[in-house]
Amino acid sequence: MALLRKVLYLQALVWAALGLALALAPRFVLVTILGQPRYTEYAWVRLGGVMSFTLALLMVMIAHRTEELWWWSWAFALMAAATAVIVTLNAAFGLPPGASAWMWWVFAGVAWAFAIALAWGIGRAGLEHPPV
């Protein structure tokens, strides 16, 4: 349980920080810091930031009650794995002209790391406390 709880807290921290940054200053984060092309509007990016922050709150809620709700973490593991696949494919084949690739590869690596860590933590949690 301890490993799963730590992974959930760490993932929540990353998603909350990213979510706040994208919700409050999307153009600065994407264009200035991450080297992405300018968008015509950033409402979708802000919405994604709000959703990311909200997801982080749910991760913290599950982490606080890991002993009882550890199996709910499969939702976060599925999200991390799907995110890893999508971001990896985008980094490899989908970048628009002028977009910096480094941010996408870092994002892919972090997403894969969380997917693997969550699967490992869920497996260990399942051995400690099988679902009833």
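Guide: Gladly! Let's begin with what an axis is here: a line fitted to C-alpha atoms, for helices over the stretch in contact, with angles running from 0 to 180 degrees between N-to-C directions. Please keep in mind that this is a predicted model.

With that in hand, look at the start of the chain. Helix H1 covers residues 2-24, and helix H2 covers residues 26-33. Their axes come within 4 Å and cross at roughly 100°. Angles of 65 to 115 degrees count as roughly perpendicular, and therefore H1 and H2 are roughly perpendicular to each other. On the H1 side, the contact is made by Ala 21, Leu 22, Ala 23 and Leu 24. Pro 26, Val 29 and Leu 30 are their partners in H2. Sorted by class, this contact has 7 nonpolar residues, with no polar and no charged ones.

Now let's see what surrounds this pair. Of the contacts with a separation of 6 or more, 71% are between residues 24 or more positions apart. Buried residues make up 38% of the 132 residues. The protein exposes about 7,900 Å², and carbon and sulfur atoms supply 77% of that area.

Helix H3 (residues 43-64) and helix H5 (residues 73-94) have axes that come within 10 Å and cross at roughly 140°. H3 passes H5 in a left-handed crossing. Here Leu 55, Leu 58, Met 59 and Ile 62 in H3 meet Ser 73, Phe 76 and Met 79 in H5. By class, the H3 contact with H5 has 6 nonpolar residues, 1 polar residue and no charged ones.

Thr 66 has its place in helix H4 (residues 66-69). Thr 66 counts as buried because its relative accessible area is 0%, and buried means under 20%. Neighbours within four places in sequence aside, Thr 66 is in contact with Met 1, Leu 4 and Arg 5.

His 129 lies in the segment after helix H6 (102-128), and it is in contact with Met 1 and Trp 70, leaving aside neighbours within four places in sequence. With a relative accessible area of 36%, His 129 is partly exposed. His 129 and Pro 96 are 33 residues apart along the chain, and their C-alpha atoms are separated by 47 Å.

Within helix H6 itself sits Ala 115. Ala 115 is buried, with a relative accessible area of 9%. With neighbours within four places in sequence set aside, Ala 115 is in contact with Ala 80 and Ala 81. The C-alpha atoms of Ala 115 and Trp 74 are separated by 9.8 Å, although these two residues are 41 residues apart along the chain.

Terms used: Residues numbered from 1 in each chain as written. Predicted model: local features only at pLDDT ≥ 70, side-chain atom pairs only at ≥ 80, totals over all residues. Heavy atoms only, no water. Helix = DSSP H or I, 4+ residues; strand = E, 2+ residues; numbered from the N terminus. Left-handed = near helix turned anticlockwise from the far one by under 90°. Contact = heavy atoms within 4.5 Å. Nonpolar A, V, L, I, M, F, W, Y, C, P; charged D, E, K, R; others polar. Buried < 20%, exposed > 50% of the residue type's maximum accessible area, 1.4 Å probe, protein only. Areas by Shrake-Rupley, 256 points an atom, 1.4 Å probe, with all protein chains shown as cover. Parallel < 35°, antiparallel > 145°, perpendicular 65-115°, else oblique.
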